[in-house]
Amino acid sequence: MRLGFSAGDEAFRAEAADWLADQMSGEFRDIKDVLGLTVMAERRKEWEQQLGRHRWSCIGWPSKWGGRDATLEQQVIFAEEYARSGAPGRVGHMGIELAGPTILAFGTEEQKARFLPGIASGEVLWCQGYSEPNAGSDLASVRTRARVDEATGEWVVDGQKIWTSLAQICDWIFVVTRSEEGSKGPKGLTFLLMPIDQPGITIRPIRQINGDAEFNETFFDGARTAAENLVSTPGNGWQVAMGLLAFERGVSTLGQQMGFRHELDAIIAAAKANGSASNPLIRQRIAKAEIGLRLMRYGALRVLSNTDHARPDGAALTYKLQWATWRRNLGELAMDVLGQAGEVTAGPDYDFPMLPSLFLSSRADTIYGGTNQIQRNIVAERALGLPREPRGNA
Ligand SMILES: Cc1cc2nc3c(=O)[nH]c(=O)nc-3n(C[C@H](O)[C@H](O)[C@H](O)COP(=O)(O)OP(=O)(O)OC[C@H]3O[C@@H](n4cnc5c(N)ncnc54)[C@H](O)[C@@H]3O)c2cc1C
């Protein structure tokens with residue numbers, strides 16, 4: 001077990017930190033600290049392209065596809081320095097962390113050549129078409145249908161997805177569809193890559209609790225995609241979809257502590273400024289948050305010290321549960337520190353300052369990428385080897 005980074009890794013850290021500091025104090029200073037994903041979307045796209053031009057976008061990918069062949073340690077270091085620099089939330093993250101790795105793992109050489117360069121250069125943005133009104137945690141219940149048009153060989157898709165983050169600014173969507181009539185559960189599903197800008201796709205934004213509209217309802221009405229945009233084989237979509245979720249829930253989140261550190265520091269500063277730091281209950285909760293953050297960082301380093309990163313141990317499976325619960329509690333602490341002042345907006349509509357925004361957005365942490373309840377099932381079954389939960393559709 002090795003809890004720390006090598007000298008070479010620290011040199012890499014310095015290089016990344018210098019570049020990010022230059023950008024955030026120079027050309028891109030107007031989007032420093034912008035987190036809400038639809039805010040200044042056009043500038044955020046330019047930022048994605050700037051990262052791509054300097055090969056800082058998908059550093060873990062093979063250099064052949066625009067990456068740097070970075071080790072997992074370097075990827076975590078970059079994520080830490082990214083958060084420390086105040087660089088904005090990544091509007092390209094679903095291509096970089098989900099679509100790209102999935103195409104790398106399951107796609108053909110033609111698909112890699114067709115799609116990976118656009119993701120790495122930041123020019124093509126992706127979104128995720130998994131959830132449906134009756135298929136969220138139970139993804140195997142999807143009903144959006146796909147069939148092959150015998151005349152053209154194209155796939156034709158009808159149905160509805162929901163909670164599609166950033167669909168309104170993306171170019172492509174990956175969708176889980178049911179392609180075998182009468183099939184149930186994980187059987188008969190097909191994983192398709194689809195261009196969004198076409199007459200068969202309608203996107204309707206959903207207004208959120210924080211006033212933003214990152215989510216959308218996405219309707220497919222005879223939407224089409226070429227035969228070669230099928231990933232894996234027809235009916236094998238479940239394996240692809242689960243492979244992708246492993247990327248979403250997995251080690252890609254290990255580097256986020258720096259962002260959490262920034263948020264906890266803001267709460268501590270607010271508590272000192274308004275006197276609530278003298279309240280013994282608040283002091284205890286701040287101390288608990290500090291301990292939780294340090295435990296997460298050591299937990300992350302421990303996962304990194306696992307020599308077989310392709311097969312992380314059970315501790316890695318608990319990580320989503322750990323950080324999501326910690327950050328949801330942090331949001332509640334922020335509001336209790338602020339008191340009534342936290343409920344007053346700084347401007348029109350829902351223009352909340354950082355800490356109330358943290359509270360509102362953190363409510364989603366225990367839901368997306370696998371709810372806490374589902375995550376506990378995964379830990380129970382995959383890490384502890386407990387009997388499988390009875391499935392309604394088994
Ligand atoms: C910020 C955010 C962004 C998102 N972005 C996207 C996106 O881009 N694309 C996309 O496709 N989806 C997206 N989602 C949707 C997300 O994947 C779903 O919300 C999630 O899978 C939960 O599904 P659901 O909302 O249908 O809840 P349900 O599945 O209906 O669950 C409701 C409750 O029941 C519990 N539950 C359900 N089944 C079990 C079980 N077997 N055992 C124990 N408890 C259970 C759940 O844990 C939960 O508490 C996003 C969600 C959020 C919050």
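What is the volume of the second largest pocket?

Modeller: This is a predicted model, in which local features need pLDDT of at least 70 and side-chain atom pairs count only at pLDDT 80 or more, while totals for chains, interfaces and linings use all residues. Residues are numbered from 1 along each chain as its sequence is written, and side-chain values use heavy atoms, with hydrogens and water left out.

The second largest pocket has a volume of about 270 Å³, a volume being the space filled by probe spheres set on grid points joined across faces, edges and corners. A pocket here is an open set of points on a 1 Å grid over the protein atoms alone, where a 1.4 Å probe fits, with protein on both sides within 12 Å along at least five of seven lines, and lining residues have an atom within 4 Å of a point. Among the residues lining this pocket are Arg285, Lys288, Trp326 and Glu332. Two or more lining residues come from each of helix 8 (280–305) and helix 9 (314–338), helices being DSSP runs of H or I with at least four residues, numbered from the N terminus. By class, the lining holds six nonpolar, three polar and three charged residues, where Asp, Glu, Lys and Arg count as charged and Gly is among the polar ones.

For context, the shell around the ligand divides into eight nonpolar, nine polar and one charged residue, and helix 11 (residues 372–383) gives the largest share of that shell, three residues.
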